[in-house]
Amino acid sequence: MQYITFDKTKPFDLILLGRIAIDFNPLDYYKTLAESETFKKYVGGSPANIAVGLARLGKKCGFFARVSDDRFGEFVTDYLKKEGIDISHIKVCENGESLGLTFTEILNHDESSILMYRNGIADLSLSPSDIDEAYIKQAKAILISGTALSASPSREAALKAVTLARKNGVKIIFDIDYREYNWKNKDEIALYYSITAKESDVILGSREEYDLAEKLMGLDGTDESTSRYWCSKQAAVVVIKHGKAGSTAYTKDGKAYSIRPFPVEAIKGFGGGDGYASSFLYGLLEGYEMTDCLELGSASASMLVASHGCSADMPTLDSLGAFIQKEKAQYGDCLLYTSDAADEARSV
């Protein structure tokens with residue numbers, strides 16, 4: 001069953017809003033940041049990674065963002081342009097703001113950490129005046145990254161984009177994407193997350209991220225109550241991720257579609273969520289069955305944690321299909337299962 005439909009006449013599949021950053025991943029694995037000496041540079045930031053992932057899968061993406069007025073700003077915009085992403089609404093900062101820099105630490109197969117530099121940051125300088133209604137009208141959907149809501153004027157820009165998308169019948173996707181930096185307190189997080197989530201047609205997040213969004217609502221913190229609440233608002237699909245335990249897509253008709261991760265030998269603990277989002281959203285945009293969307297998302301997530309980079313290692317359709325075929329040949333079709341959300345809650 002197709003739970004969400006998109007206007008196929010629109011030239012852009014998705015316009016994303018949020019951070020574009022730079023990742024530095026260590027080439028000398030399994031050392032602390034203090035011990036690491038050699039790093040490889042990548043375009044980073046969750047919405048940027050998702051845009052690249054969708055572009056690799058053949059989808060047309062645009063972007064609302066601000067980048068630094070320096071060589072790093074040139075690097076990220078040139079990279080996105082080469083990937084086929086429209087950069088006409090990515091603007092250069094005017095007051096010396098810098099791109100966010102992320103240094104990652106890969107200690108072992110199961111343990112990774114991230115050190116971020118986020119002061120005077122470019123992406124949070126996105127202004128409401130940067131949001132173009134005519135551009136939004138050209139999209140099947142927009143994606144709001146939760147980090148864009150953490151400070152002004154970016155949060156007002158994001159809320160303006162949500163308002164204009166709803167006005168023009170453009171679908172809204174909310175990737176909660178919680179990062180502790182730049183937020184002042186949990187009440188603030190809950191307020192802006194809930195405002196955006198109530199207007200969203202698709203919501204993606206971890207259990208912990210939904211707990212932050214629901215802090216002021218009095219929900220009981222279960223997946224069933226979360227899905228029931230947001231599906232009673234605008235959401236047609238609510239995806240709740242549990243890391244190595246898998247993920248579940250809850251739908252407006254009360255169904256719950258779950259998948260376990262594809263087994264891989266991981267080399268890092270980050271990047272999987274962005275691969276998941278890009279391939280899952282590809283499936284939704286194509287009108288695939290929910291089980292197929294989950295399969296694509298889970299496969300991409302596994303491929304990303306088994307690779308060194310994020311944006312640079314987003315799969316193509318051919319590589320994604322080959323990976324799924326190989327994994328199924330080895331592990332079978334036991335990764336997917338479907339249930340009624342209420343039955344699932346009673347079994348917990």
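Student: How many bridges join strand β12 to β13, and do the strands run parallel or antiparallel?

Tutor: Two strands pair if DSSP finds at least two bridges between them. Helices (H or I, at least four residues) and strands (E, at least two) are DSSP runs, numbered from the N terminus. In this predicted model, β12 (residues 247-251) is joined to β13 by 4 bridges, and the strands run antiparallel. Serine 247 stands opposite isoleucine 259 in β13. The two strands form a hairpin with 3 residues between them, and glycine 254 in the turn has a positive phi of about 90 degrees.

Student: What should I know about the model before reading side chains?

Tutor: As the model is predicted, local features need pLDDT of at least 70 and side-chain atom pairs count only at pLDDT 80 or more, while totals for chains, interfaces and linings use all residues. Residues are numbered from 1 along each chain as its sequence is written, and side-chain values use heavy atoms, with hydrogens and water left out.

Student: How many residues of strand β13 are buried?

Tutor: Buried means under 20% relative accessible area, exposed over 50%, and partly exposed in between (1.4 Å probe, protein chains only). Strand β13 (residues 255-259) is mostly covered, with 4 of its 5 residues buried.

Student: Which side chain meets arginine 166 in a salt bridge of 3.4 Å?

Tutor: Side chains of opposite charge can pair when their charged atoms come close. The criterion for a salt bridge is a side-chain nitrogen of Lys or Arg within 4 Å of a carboxyl oxygen of Asp or Glu. Arginine 166 meets glutamate 199 at 3.4 Å, N to O. Arginine 166 lies in helix α4 (residues 154-167) and glutamate 199 in the loop between α5 and β10 (202-206), so this pair ties together parts that are 33 residues apart in sequence. Arginine 166 also forms a salt bridge with aspartate 201, at 3.3 Å, N to O. Aspartate 201 lies in the loop between α5 and β10, so its pairing with arginine 166 in helix α4 ties together parts that are 35 residues apart in sequence.

Student: Is aspartate 201 buried or exposed?

Tutor: Aspartate 201 is buried, at 3% relative accessible area. Arginine 166 is partly exposed at 28%, and glutamate 199 is partly exposed at 32%.

Student: What is the partner of arginine 207 in a salt bridge?

Tutor: Arginine 207 pairs with glutamate 214, the closest N and O atoms being 3.4 Å apart. Arginine 207 counts as buried at 8% relative accessibility, and glutamate 214 is buried at 5%. The whole structure has 21 salt bridges.
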